[in-house]
Amino acid sequence: MCTSDDRLIRFDWAMKRMLRDKANFGVLEGFLTSLLGKPIYIETILESESNRDSDEQKLNRVDILAQTTEKEKMLIEVQNQSEIDYFHRMLFGTTRLISDYTRLGERYGKITKIYSINIVYFRLGEGEDSVYVGTTDFYGLHDGSQLRLSPRWRERLEVDSVSDIFPTYYILRVNDFDKWSKTPLDQWLYFLSNSRVPEDADAPGLKEVREKLRLDRLPAAERLSYLKLIDDRISIMNSIEDARYEGHAEGRAEGREEGREEAILEKALIAKEAGLSDEMIFVIFGIKLSGFK
């Protein structure tokens, strides 16, 4: 059970403001351990994309790049608004990491393992699961056999399979996840979706979450700023839903396709004035606003 006094800070806000501090690495380590199914220990936080600092972006997209004691790199990104080319963004993020952290003249075999962990609050792609994993393997075009590493190459590269060399992608679609269980990953998904940790939570890192990410631990000024951003986000999302519903309703009431399109366009322009990106508007309303002011 959760009580009214145990409100917790959203994970993306914590990533932006708190989890880059070594004293709070236990939160990230617990999350990564629950996701990957093996103990993860963070050595340091590296420079990543450096998110824009505008209020509009603070709870839209945020990322953090951790390096483990095994020298593996973990790029954790939270995306709140739908983005049409998000899969391409994932690809770009890993390729840039490889480029940025590979020294000129260094053997390619020195490239460290990269995990791209994407927490999205929208329905990315089609599928019923909440967690998806993507790896790279090679299969024969004629016989379907998997290309494997020889014992010599496994020893030389210190990996077990070809997929261990390439980035591994995780997509966590956490929006509206409301399933509580004793499974560590499900407990984390519940927290990411609800910003709550029930008393019987025992997943790695959630004890630290309950202790360190309490809303009432934020300084007064920062707490007010946080609550304002949350209220703004709720207001914007409510306006989007209202506009979407009213646009379709007005179109049906007029009984003409052009009437429906005009109504949707009007609501889309309102959404643009509220600060939504053209990409987000296209996903919601199905129209492009290029050319409109």
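Helices here are DSSP runs of H or I with at least four residues, strands are E runs of at least two, and both are numbered from the N terminus.

A quick word on the source: this is a predicted model, where local features need pLDDT of at least 70, side-chain atom pairs count only at pLDDT 80 or more, and totals for chains, interfaces and linings use all residues. Residues are numbered from 1 along each chain as its sequence is written, and side-chain values use heavy atoms, leaving out hydrogens and water.

Back to helix 2, residues 25-36: its 12 residues reach 16 Å from first C-alpha to last, close to the 16 Å expected at 1.5 Å a residue (that is, 1.5 Å times one less than the number of residues). Because 11 of the 12 residues are buried, helix 2 is largely enclosed by the rest of the structure. Buried means under 20% relative accessible area, with a 1.4 Å probe and protein chains only. Among the buried ones are Phe25, Phe31 and Leu36.

Now, strand 6, residues 168-173. How many of its residues are buried? The count is 6 of the 6, so strand 6 is also largely enclosed. In a regular strand, side chains alternate between the two faces of the sheet. Here Thr168, Tyr170 and Leu172 are buried on one side, and Tyr169, Ile171 and Arg173 on the other.

And its neighbours? Strands pair if DSSP finds at least two bridges between them. Strand 4 (residues 114-120) pairs with strand 6 in the parallel sense over 6 bridges, with asparagine 118 partnering isoleucine 171. Strand 5 (residues 131-134) runs antiparallel to strand 6, joined by 4 bridges, and there valine 131 partners leucine 172.

Methods:
Buried means under 20% relative accessible area, exposed over 50%, partly exposed in between (1.4 Å probe, protein chains only).
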